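Please consult the sequence and the model while reading.

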Amino acid sequence: MTTTLSAVAGQIGRGTRAELTRVGGARSILLYGLVPGAVLLPLAITLGVATVAERFASISSSIQVTSVTTTNSVYWVITFTVMIWAVVAAYAQATAERGPLGELARYLYPRRWTGLVSRWIAYGVGAAVCSAALVALVMAILPTFFPKVYAGVDIGSAAGVRFLVAVPVFAVCAVGIGVGLAAIVGHPAGTVVGLLGWAYVIENAISLVPNGYTLQNYMPFLNGTYGTGQELAFMPPWGPTGGLVYCAAIAVVLFALGCAAVALRAKQVSGRRRSGGRHRQIDR
């Protein structure tokens, strides 16, 4: 038992280090995907909107600009940073099971689920650290440089502290959903389209179908966003903390299904190879 646990821990540790190496480099997805999409884009939109709003509040008495509260101060970080990390994790999982990299993984990680765990750890921790840092940075910058509109933003308030804790938790859950979905679908493009389509199209458009508002209560990304403390028209009956717990539960279920799907595909590939080997022996 001890030997088995040690082997599993070794595989997960090796896989996590491999993912951290894979995401880095001069031409990596870190520099060409995560930094521009998960860091620069939400910062640029947040500061751009703040600059325009502050300008209007300063030069015109005929245009009223509503002051922004803490609960609506990090919307773009939640929208872009969390989802970009989820998409990158999903893409990494989908590509890791295909081609030469997939063949190598079959030998290095005989317990296929350890590869998924490694990716959830690597990208989940990265998403949590990145989102927490951006949330803190945004809530510190806005009231300091844009006081006319963002004076009410307070990082030390209950809402600010909740953002600091809940947004990283939501980011970890989103990464788990991305990895699990990628393992189920097994195709990079299909996974990315499915993930973005679900988060940005289905979860909002489902309110248009009969009983749509009831169905919307069960949308994982809306529940996760609501759970961070972000102001939304969406209000599930179980409250913000319940929404975050629900999102985490969906992540665990999808991740477990993804592990099962990867193990099943690996078993099918192994069976075809054994069958092919027997056929070759008969031909001889």
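**Helix packing in the chain**

The crossing of helix 7 and helix 10 is right-handed, a crossing being right-handed if the near helix is turned clockwise from the far one by less than a right angle, and left-handed if anticlockwise. This is a predicted model, in which local features need pLDDT of at least 70 and side-chain atom pairs count only at pLDDT 80 or more, while totals for chains, interfaces and linings use all residues. Residues are numbered from 1 along each chain as its sequence is written, and side-chain values use heavy atoms, with hydrogens and water left out.

Q: How many helices and strands does the chain have?
A: Helices (H or I, at least four residues) and strands (E, at least two) are DSSP runs, numbered from the N terminus. From that terminus on, the elements run α-α-α-α-α-α-α-α-α-α-α. The count is 11 helices and zero strands.

Q: Among contacts in the chain between residues at least 6 apart in sequence, what percentage join residues at least 24 apart?
A: A contact means heavy atoms within 4.5 Å. Of the contacts between residues at least 6 apart in sequence, the share that joins residues at least 24 apart is 76%.

Q: How are helix 7 and helix 10 oriented to each other?
A: Axes are lines fitted to C-alpha atoms, for helices over the stretch in contact, and angles run from 0 to 180 degrees between N-to-C directions. The axes of helix 7 and helix 10 come within 8 Å and cross at roughly 165 degrees. Angles under 35 degrees count as roughly parallel, over 145 as roughly antiparallel, 65 to 115 as roughly perpendicular and the rest as oblique. Helix 7 and helix 10 are therefore roughly antiparallel.

Q: Why is helix 10 described as largely enclosed by the rest of the structure?
A: Buried means under 20% relative accessible area, exposed over 50%, and partly exposed in between (1.4 Å probe, protein chains only). Among the buried residues of helix 10 are Phe221, Leu222 and Tyr226. Helix 10 (residues 220-227) is largely enclosed because the buried residues number eight of eight.

Q: Which residue with a positive phi follows helix 10?
A: The phi of this residue is near 105 degrees. The residue that follows helix 10 is Gly229.

Q: How do the residues of the contact of helix 5 with helix 7 divide by class?
A: In this contact, residues of helix 5 including Trp120, Tyr123 and Met139 meet residues of helix 7 including Phe163, Pro168 and Val179. Ala, Val, Leu, Ile, Met, Phe, Trp, Tyr, Cys and Pro count as nonpolar, Asp, Glu, Lys and Arg as charged, and the others, Gly among them, as polar. The contact of helix 5 with helix 7 divides into 18 nonpolar, four polar and one charged.

Q: Is helix 7 parallel, antiparallel, perpendicular or oblique to helix 8?
A: The axes of helix 7 (residues 158-185) and helix 8 (residues 188-205) come within 9 Å and cross at roughly 135 degrees. That makes the orientation of helix 7 to helix 8 oblique.

Q: Is Ala92 buried or exposed?
A: Ala92 lies in helix 3 (residues 75-96). Not counting residues up to four places away in sequence, Ala92 touches Glu19, Arg22, Arg119 and Tyr123. With a relative accessible area of 5%, Ala92 is buried.
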